[in-house]
Amino acid sequence: MGTQRSGTTLLTRILSAHPEVFIQNELDLPKVFEDSSSTEAVIKGIEKQVYIENGSELANLVKAAPIWGLKDPQLTEYIDVLRNFLPASKFIIIVRDGRGVTNSYMENKWGLGTNAYYGAQRWKREVEQQLEFMSEMPENFLFIRYEDIVTNFKPTLEQVCQFLECSLAPEMLEYDKQASYYNVQRENVHTFKKPDKTLSEKWKFKLSQFEIDVVENVAGDLLEKLGYKKIGQPVKLSKLQLFYFKWHQKIIGEIQIQYRWRQAMWRARKQQKERKERWDRQ
């Protein structure tokens, strides 16, 4: 679990390099959880969507791996259902500096946060939900920071493996050389490379000083709680500025969402239809 742009795909790439671990990288979650009457129903939904997404059954993808899981930033929206998987399942929550996440929201133009104010609000809201979920049964959760992966790579992976009760596999340290079952895209290109510290600090050069001030105004307390030092100045936003942020998010965000949605539908519709038909015939 983690917000969009927080390193969830990178961690999935690393974990999936382990011969005893399989992590599915994102699914159509509304369809996965459409029947959430039991954990068995959710797992059945995962199996069906894995087949539609990959053209292969989950059992074939997992093979001999005794550990399997699902990664999706939208899992935060289904915490009420995921509670039913405790204490039988384990959860890894990864967090990234909210300023870096906000900058990535704005750069990627997904409609998630079109400006510093609403990007920071989204990050703060989701991270607080994740932390509250973790507090219910801390022994079943591991909390790590994206920055620790890129600056303290091997010790952080050792911590993850200890949590999952498996040994650190050499393949994890060379994850960028391992084959991936999902394709390289603009949004995940860095997960096919070695960890790069400069990426975790890019926001310092991409965000304006005012944008940094705005993010820290919205989420400064949470940033400091998670070990991220504030570097901006206190700022008091006017009603006119708040009005601008609100309507910028509503209008530009909707345009971005619709554009991305149509792109994704155009690419996936035919492929998923064929796989769904094969699944139904089985």
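1. Does arginine 5 count as buried, partly exposed or exposed, and at what relative accessibility? Arginine 5 counts as partly exposed because its relative accessibility is 22%, where buried means under 20% relative accessible area, exposed over 50% and partly exposed in between, with a 1.4 Å probe and protein chains only. This is a predicted model, in which local features need pLDDT of at least 70 and side-chain atom pairs count only at pLDDT 80 or more, while totals for chains, interfaces and linings use all residues. Residues are numbered from 1 along each chain as its sequence is written, and side-chain values use heavy atoms, with hydrogens and water left out.

2. Some backbone angles deserve a check, given that most residues other than glycine have a negative phi, and most peptide bonds are trans. Arginine 5, in the segment before α1, has a positive phi near 65°; helices (H or I, at least four residues) and strands (E, at least two) are DSSP runs, numbered from the N terminus. Glutamate 26, in the loop between β1 (21–25) and α2, likewise has a positive phi, of about 70°, and is partly exposed at a relative accessible area of 32%. The peptide bond from leucine 86 to proline 87 is cis, with omega near 0°, and proline 87 belongs to the loop between α5 and β3.

3. An α-helix has 3.6 residues a turn, so residues three or four places apart point the same way. After α3 comes glycine 55, with a positive phi near 75°.

4. Leaving out residues up to four places away in sequence, phenylalanine 91 has contacts (heavy atoms within 4.5 Å) with Met1, Leu82, Phe85, Leu86, Phe133, Asn140, Phe141, Leu142 and Phe163.

5. Phenylalanine 91 is also, with Trp68, Gly69, Leu70 and Lys90, among the residues nearest the centre of the second largest pocket, which is lined by 26 residues and holds about 720 Å³ of space. On a 1 Å grid over the protein atoms alone, a pocket is an open set of points with protein on both sides within 12 Å along at least five of seven lines, a cavity is a set of points where a 1.4 Å probe fits but cannot get out, and lining residues have an atom within 4 Å of a point. Grid points are joined across faces, edges and corners, and a volume is the space filled by probe spheres set on the points. The strand β2 gives the most to this lining, with 5 residues.

6. The model has 1 cavity of 30 Å³ or more, with about 40 Å³ of space in the largest cavity. Gln4, Pro73, Gln74, Glu77, Arg122 and Glu126 line the largest cavity.
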